[in-house]
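Welcome! Here is a short briefing to read alongside the structure.

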Amino acid sequence: MDLRVAPRAHIRRDTSTQRVHIPWADSIADGLAHLASLTSEDEARAVLDSRLEHLRGALLESPYYVRRLQEAGLHPGDLQRLEDLAHFPTLERATLARHWDTVPTLPTDSAECVVVKSSGSTGDPVRVVRDRLDCLHMWAVLRFLMSRAGAVLPPRPRVVLLDALPGGLEYSVRLPILHDGALHRVSALRDDARERLCRVRPTVLFSDPEGLRWLAEQRDVPTPRLVLTSAQHLPASLRAVLAEKVPAPILNYYATTETGPLAWECLRDGASGRFHVFAPDVWLEPGLDEVIVTRLRPSVLPLLRYLPGDAGTVRRDTCACGFHGWTLTDFGGRGACHFLTPPGRAVDAWALAWVFKHHTLRAFRLTQLERSRFMLELAGAAEADVGPLRERLTAALRNLGWEEPRLEVCHVEAATLAAGTKPRPFRANLPAD
């Protein structure tokens with residue numbers, strides 16, 4: 001088993017091996033389109049039930065699940081229909097973090113996998129094992145999303161990952177799996193970022209809300225055929241401002257490092273907050289008040305009733321956009337939080353999430369108390385880790401506009417930081433002006 005920790009994976013070498021997986025990418029996009037068009041719930045459930053056969057086999061090859069199901073008096077063979085999932089145990093995020101190396105199946109010696117880390121934005125990052133197809137899955141999903149947005153991929157499309165975080169890695173590589181295109185990672189913090197973006201003229205642009213905020217402030221930027229954003233709260237005000245500057249469909253999708261893409265926000269006017277589920281790749285259990293995910297597409301990491309820690313209710317419906325399937329509403333993932341710089345510029349607090357990814361923590365909370373004063377509460381942090389974390393966070397704040405940030409650090413119990421289904425690691429508690 002070849003396990004390499006991303007991003008040390010050889011990016012250029014990996015792109016050269018994509019072409020053989022193009023038929024697989026087509027099948028993923030076709031499967032998503034097929035489920036989104038099925039008006040019969042019975043037919044849709046039959047397709048999803050058929051995916052359980054591979055999941056049963058994966059559970060038998062996972063050391064963690066073999067032991068866990070034995071303890072519960074269950075066997076993978078007991079999972080015959082989606083309704084049977086209710087009898088199986090859930091997998092919490094903290095449990096996956098502890099057993100990250102035994103939850104995956106045992107691959108062959110020739111299987112190539114990488115280990116990536118989740119953002120760590122709510123505490124201790126989770127190590128996630130991915131195989132080759134896991135790493136390529138988003139490019140297959142992008143084919144489907146382009147169709148839903150009414151956009152057409154031209155030959156040799158150019159995709160830009162617009163990175164607004166300090167220390168972002170820049171590169172340009174071929175992207176054979178997407179119509180022989182190219183992938184460019186561009187740092188918005190470089191002085192020539194706008195010029196480079198104009199030279200590339202992206203067909204598709206990925207970013208987070210902070211990157212989109214930067215884009216909305218620029219003049220004379222190219223208009224992609226589709227803009228995608230994920231992982232963080234997308235304010236309606238930012239969407240409106242960006243739509244005036246870049247008149248392209250803006251698609252907000254829900255994904256986690258552990259699960260991959262789970263749902264996308266409906267593009268129809270007035271339907272914000274409605275996320276259509278990426279079935280049959282994943283199953284989100286309906287009728288509950290929290291998100292429970294079972295991965296139905298083959299992967300080295302079988303996820304059975306995984307709890308990412310987000311609130312939301314899933315139900316079957318028919319949307320005015322033409323989608324038929326399961327939709328996530330009342331989604332309570334990462335809530336919005338903005339810090340104010342001394343001059344009064346709003347900065348998305350999630351732009352600091354990357355800092356905590358490099359440190360082992362049980363939980364944390366960063367609160368802005370005054371324009372230049374912050375309180376960092378830590379749970380489970382080693383004393384030797386506090387100094388480097390303070391230095392890195394202070395530097396990140398300077399990069400985002402604080403000339404003299406004051407950072408106070410205190411140690412607390414993890415229970416102090418717990419709130420709802422998922423901790424809220426960023427908070428603005430500024431006095432009224």
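Strand β21 (residues 373-379) is joined to β22 by six bridges, and the two run parallel. In this predicted model, local features need pLDDT of at least 70 and side-chain atom pairs count only at pLDDT 80 or more, while totals for chains, interfaces and linings use all residues. Residues are numbered from 1 along each chain as its sequence is written, and side-chain values use heavy atoms, leaving out hydrogens and water.

**The sheet**
- R373 has R406 of β22 as its bridge partner.
- Four strands form an open sheet in the order β22-β21-β20-β23, with mixed pairing (strands are DSSP E runs of at least two residues, helices H or I runs of at least four, numbered from the N terminus; two strands pair if DSSP finds at least two bridges between them).
- At the edges are β22 (406-411) and β23 (426-428), each pairing on one side only.
- Helix α12 (residues 383-399) packs on the sheet and touches β20 (363-370), β21 and β22 (contact means heavy atoms within 4.5 Å).
- The direction of α12 makes about 150° with that of β22 (angles run from 0 to 180 degrees between N-to-C directions, with axes fitted to C-alpha atoms, for helices over the stretch in contact).

**A helix pair**
- Helix α2 (residues 22-37) packs against helix α7 (residues 132-148) at about 50°, with axes 8 Å apart.

**Confidence**
- The protein chain averages a pLDDT of 88, and 89% of the residues score at least 70 (pLDDT is the predictor's confidence in each residue, from 0 to 100).
- Over residues 1-9 the pLDDT is below 50.
- Where pLDDT is low, the predicted coordinates should not be read in detail.
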